[in-house]
Amino acid sequence: MAENGTTESENPLLNHHTENHFTASEIIRDIIIGVSDGLTVPFALAAGLSGANASSSIVLTAGIAEVAAGAISMGLGGYLAAKSEADHYMRELRREQEEIITVPDTEAAEIGEILSQYGVEPHEYGPVVNALRKNPQAWLDFMMK
């Protein structure tokens with residue numbers, strides 16, 4: 001018998017179902033933007049220099065220099081964006097931890113407000129809120145999602 005009082009035969013669809021969500025959207029986005037920027041700018045630079053009747057060696061040197069500078073720029077931009085996002089997450093995590101300790105009733109009401117937006121009634125979400133209050137780590141995890 002499962003924890004919620006149901007047997008495996010009562011939930012046959014969930015027994016053999018695995019969620020396979022695509023989780024690399026940010027990575028794919030960064031790759032697409034990087035490739036787009038990484039190809040567009042050197043070609044534009046080369047076209048501009050060619051149009052100015054620059055010698056082939058200048059066009060090639062400028063193209064290579066731009067690729068190197070672009071790689072450094074994109075790398076630093078990606079690093080700073082990821083670091084900023086991680087710093088923000090940690091600040092929010094510390095804030096939620098402190099709020100769970102200092103104003104637990106307000107945080108519990110916030111959970112109720114979140115669940116009520118999904119049509120869950122107070123008598124239905126009350127036991128969920130009480131269960132989360134008994135498990136601070138689960139409560140924190142819930143508040144961070």
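**View 1. E99 and R95 sit about one helical turn apart in helix α3 of this predicted model.** The two residues are 4 positions apart in that helix; helices are DSSP runs (H or I, at least four residues), numbered from the N terminus. Their side chains form a salt bridge at 2.9 Å, N to O. Here a salt bridge is a side-chain nitrogen of Lys or Arg within 4 Å of a carboxyl oxygen of Asp or Glu. R95 is partly exposed at 35% relative accessibility (buried is under 20% relative accessible area, exposed over 50%, partly exposed in between; 1.4 Å probe, protein chains only). A salt-bridge network links E92, R95, E96 and E99.

**View 2. K83 pairs with D87 in a salt bridge.** The N to O distance is 3.4 Å. Both residues lie in helix α3 (residues 56–102), 4 residues apart. K83 is partly exposed at 39%, and D87 is partly exposed at 33%.

**View 3. R133 and D105 form a salt bridge at 2.8 Å, N to O.** R133 belongs to helix α5 (residues 122–134) and D105 to helix α4 (residues 104–116), so the pair ties together parts 28 residues apart in sequence. R133 is partly exposed at 32%; D105 is exposed at 55%.

**View 4. G38 lies in helix α2 (residues 25–51).** Its relative accessible area is 38%, partly exposed.

**Notes.** Residues are numbered from 1 along each chain as its sequence is written, and side-chain values use heavy atoms, without hydrogens or water. Local features need pLDDT of at least 70, side-chain atom pairs count only at pLDDT 80 or more, and totals for chains, interfaces and linings use all residues.
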